[in-house]
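Thanks, everyone. Please bring the structure up on your screens, and I'll walk you through it.

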Amino acid sequence: MMPTQPESSALLTRLLDGELAALARAITMIDNELPGHAAFLETVPDKPRTTPVVGFTGAPGVGKSTLINAYTALCRSQDRSVAVVSVDPSSPISGGAILGDRLRMAEHAQDDGVYIRSLASRGHLGGLCRNIDQVIRIIDTAGWDVIVLETVGTGQSEVEVASIADVKVVVNAPGMGDSIQAMKSGILEIADILVVNKADLPQAGQTSKELRAMLRLRSNSTATVAVIETVATSHAGIDELSAAIDACRSCME
Ligand SMILES: Nc1nc2c(ncn2[C@@H]2O[C@H](COP(=O)(O)OP(=O)(O)OP(=O)(O)O)[C@@H](O)[C@H]2O)c(=O)[nH]1
Ligand SMILES: [Mg+2]
């Protein structure tokens with residue numbers, strides 16, 4: 001059923017009041033293009049976004065969700081609210097992955113200052129990109145302090161999704177030729193910050209060296225890209241990562 005104009009503005013009022021259920025409802029409407037989503041979006045004030053979007057992308061299993069969990073904990077210790085949006089490219093079969101993300105973020109489950117949402121990409125890149133813009137606009141309108149976007153960086157489409165972020169963190173893990181994989185899919189090209197997660201593993205130093213060597217080969221960029229080693233499971237290196245993210249943000253302002 002089409003929501004009427006008063007229904008749309010009631011949803012907006014609840015959203016502006018910070019009601020989590022209203023945020024969830026609005027995102028579901030937009031993500032699924034439910035009847036009335038366009039009418040609702042028309043009621044949303046058209047103003048420049050003020051909430052920064054920090055994107056974490058990288059190959060499956062490098063530790064993006066664990067890293068986001070640790071970064072979220074740091075933001076919360078600074079009293080910043082965090083909305084996490086995970087875009088899952090393989091969603092029809094990955095209920096398990098989403099469940100896993102929830103487990104990794106479980107320490108924030110009781111915290112009203114953390115909102116976690118998984119979105120399916122359903123293989124429709126254009127639709128996804130259009131909708132994710134609107135999802136981000138809604139979270140910004142709702143007044144969150146930080147938006148974190150998790151995408152699996154395995155192909156060009158995910159690179160495009162990641163490009164929406166103001167600060168792009170590309171996550172790598174030691175061994176497995178991940179850095180080569182990253183370069184092939186073009187994610188190194190968009191990185192503002194390179195993370196070598198799982199720095200507790202023996203080959204981490206080698207992976208950092210390889211990434212720094214690759215950065216030196218890039219001819220089309222003068223910007224310096226930080227390479228930061230982290231152990232997401234023990235929150236090691238997260239202060240440094242957060243400082244690098246903040247430095248990127250202040251460069252943009
Ligand atoms: N040894 C070690 N393991 C880690 C570290 N960070 C994450 N892991 C483990 O790596 C596995 C994958 O972590 P996730 O955070 O789910 O990785 P992801 O990149 O979000 O995975 P997908 O969303 O499936 O692409 C989990 O078993 C984590 O516990 C780390 O710093 N060191
Ligand atoms: Mg994940």
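The chain has eleven helices and seven strands. Keep in mind that this is a predicted model. The chain counts 253 residues, and 42% of them are buried. Now the contacts. Take those with a separation of 6 or more: 77% of them link residues 24 or more positions apart.

Let's go to the sheet. In what order do its seven strands lie? The order is 3-2-4-1-5-6-7. The sheet is open, and the pairing is parallel. At the edges sit strand 3, residues 114–120, and strand 7, residues 226–229. Each of these pairs on one side only. From one strand to the next, the twist averages 20°.

Strands of a sheet pair through backbone hydrogen bonds, and the sense is either parallel or antiparallel.

Strand 2, residues 82–88, runs parallel to strand 3, and seven bridges join them. Within that pairing, Ala83 faces Tyr115 of strand 3. Helix 4 packs on this sheet. The helix touches strand 1, strand 2, strand 3, strand 4, strand 5 and strand 6. Its direction makes about 175° with that of strand 4.

On one side, strand 2 pairs with strand 4, parallel, over six bridges. There, Val85 stands opposite Leu149. Strand 1 also pairs with strand 4, again parallel and over six bridges. In that pairing, Thr57 has Thr151 as its bridge partner.

How many residues of strand 4 are buried? Seven of its seven. Look at the two faces in turn. Val146, Val148, Glu150 and Val152 lie on one side, and they are all buried. Ile147, Leu149 and Thr151 lie on the other, and they are buried too. Note Glu150 in that list.

Next, the ligand. Nineteen is the number to remember: there are 19 residues around ligand 1. Which come nearest? Pro60, Gly63, Lys64, Ser65 and Thr66. Helix 4, residues 64–77, supplies at least two residues of this shell. So does helix 5, residues 95–104. By type, the shell divides into seven nonpolar, eight polar and four charged residues.

Last stop: helix 2, residues 20–31. This helix has twelve residues. From first C-alpha to last it reaches 16 Å, close to the 16 Å expected at 1.5 Å a residue. Its buried residues are Leu23, Ala26, Ile27, Met29, Ile30 and Asp31. Here is a general point that helps in reading such a list. An α-helix has 3.6 residues a turn, so residues three or four places apart point the same way. Just after helix 2 comes Glu33, with a positive phi of about 50°.

Let's zoom in on Ala26, which belongs to helix 2. Why does Ala26 count as buried? Because 25 other C-beta atoms lie within 10 Å, and the cut-off for buried is 20 or more. What does Ala26 touch, beyond its neighbours within four places in sequence? Leu11, Leu15, Phe40 and Ile138. Take Ile138. In sequence, Ala26 and Ile138 are 112 residues apart. In space, their C-alpha atoms are 7.6 Å apart.

That's my tour. Over to you.

Notes. Residues numbered from 1 in each chain as written. Chains lettered and ligands numbered in written order. Predicted model: local features only at pLDDT ≥ 70, side-chain atom pairs only at ≥ 80, totals over all residues. Near = placed C-beta within 6 Å. Helix = DSSP H or I, 4+ residues; strand = E, 2+ residues; numbered from the N terminus. Nonpolar A, V, L, I, M, F, W, Y, C, P; charged D, E, K, R; others polar. Pairing = 2+ DSSP bridges. Axes fitted to C-alpha atoms, helices over the stretch in contact; angles between N-to-C directions. Contact = placed C-beta atoms within 7 Å. Buried ≥ 20, exposed ≤ 12 C-beta atoms within 10 Å, placed from the backbone. Expected span 1.5 Å × (residues − 1).
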